[in-house]
Amino acid sequence: MILVMVIAAAGMVRVLTQHWREGAVLLGGALIAAAVLRVLLPVDRVGLLAIRSRATDVLCYTAFGVVMTALAVTITRGSFDFP
């Protein structure tokens, strides 16, 4: 869980420092890392990564991570500045 939180915190720092695309990729990576850890860790070591069944957790973490990463990579407009 600490590894996932460190990656997510790094992503939030990047988002808050006006580098939203890099931050979104890091946040998506944190979700994918959570999915991998959920698959690899035994039930007694998984901690707060376990929300529902293993299959549901892995599916949700992977899907949200891939979608977030894909959206961050494919959006081409540079910033959210308002005129």
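User: Before we start, what should I know about the numbering and the cut-offs?
Analyst: Residues are numbered from 1 along each chain as its sequence is written, and side-chain values use heavy atoms, with hydrogens and water left out. As the model is predicted, local features need pLDDT of at least 70, totals for chains, interfaces and linings use all residues, and side-chain atom pairs count only at pLDDT 80 or more.

User: Which element do the buried residues of α1 pack against?
Analyst: The buried residues of α1 are V4, A8 and G11. Seen down the helix axis, they fall within an arc of 55° (taken from the directions from the axis to the C-beta atoms), so they line one face. On the other side, I2, V6, V13 and L16 are exposed. The buried residues pack against (contact means heavy atoms within 4.5 Å) α2.

User: What is the phi of Q18, and is Q18 buried or exposed?
Analyst: Q18 sits in the loop between α1 (2-16) and α2. Most residues other than glycine have a negative phi. Q18 has a positive phi near 70°. At 66% relative accessibility, Q18 counts as exposed.

User: How far does α3 reach from its first C-alpha to its last?
Analyst: α3 has 21 residues. The expected span is 1.5 Å times one less than the number of residues. That expectation is 30 Å, and α3 comes close to it with a reach of 30 Å.

User: Which exposed residues sit on the face of α3 turned away from its buried side?
Analyst: In α3, the buried residues are D57, V58, Y61, G65 and A72. They cover an arc of only 95° around the axis, which puts them on the same side of α3. What covers them includes α2. The face turned away carries A55, L59 and T74.

User: Which residues does D57 touch, leaving out those up to four places away in sequence?
Analyst: D57 lies in helix α3 (residues 54-74). D57 is buried, with a relative accessible area of 4%. Its contacts, with that sequence limit, are R38, L49, A50, I51 and R52.

User: Which helix gives the largest share of the nonpolar patch?
Analyst: A nonpolar surface patch of about 420 Å² is made by I32, V36, V39, L40 and V66. One of them, V36, is partly exposed, with a relative accessible area of 43%. The largest share of the patch, four residues, comes from helix α2 (residues 20-40).

User: What are the rough dimensions of the box filled by the C-alpha atoms?
Analyst: The box is taken along the principal axes of the protein chain. Its dimensions are roughly 50 × 20 × 15 Å.

Definitions and conventions:
Helix = DSSP H or I, 4+ residues; strand = E, 2+ residues; numbered from the N terminus. Buried < 20%, exposed > 50% of the residue type's maximum accessible area, 1.4 Å probe, protein only. Patch = residues over 30% accessible without salt bridge, like charges linked within 9 Å, V, L, I, M, F, W, Y side chains within 5 Å. Areas by Shrake-Rupley, 256 points an atom, 1.4 Å probe, with all protein chains shown as cover. Salt bridge = Lys/Arg side-chain N within 4 Å of Asp/Glu carboxyl O.
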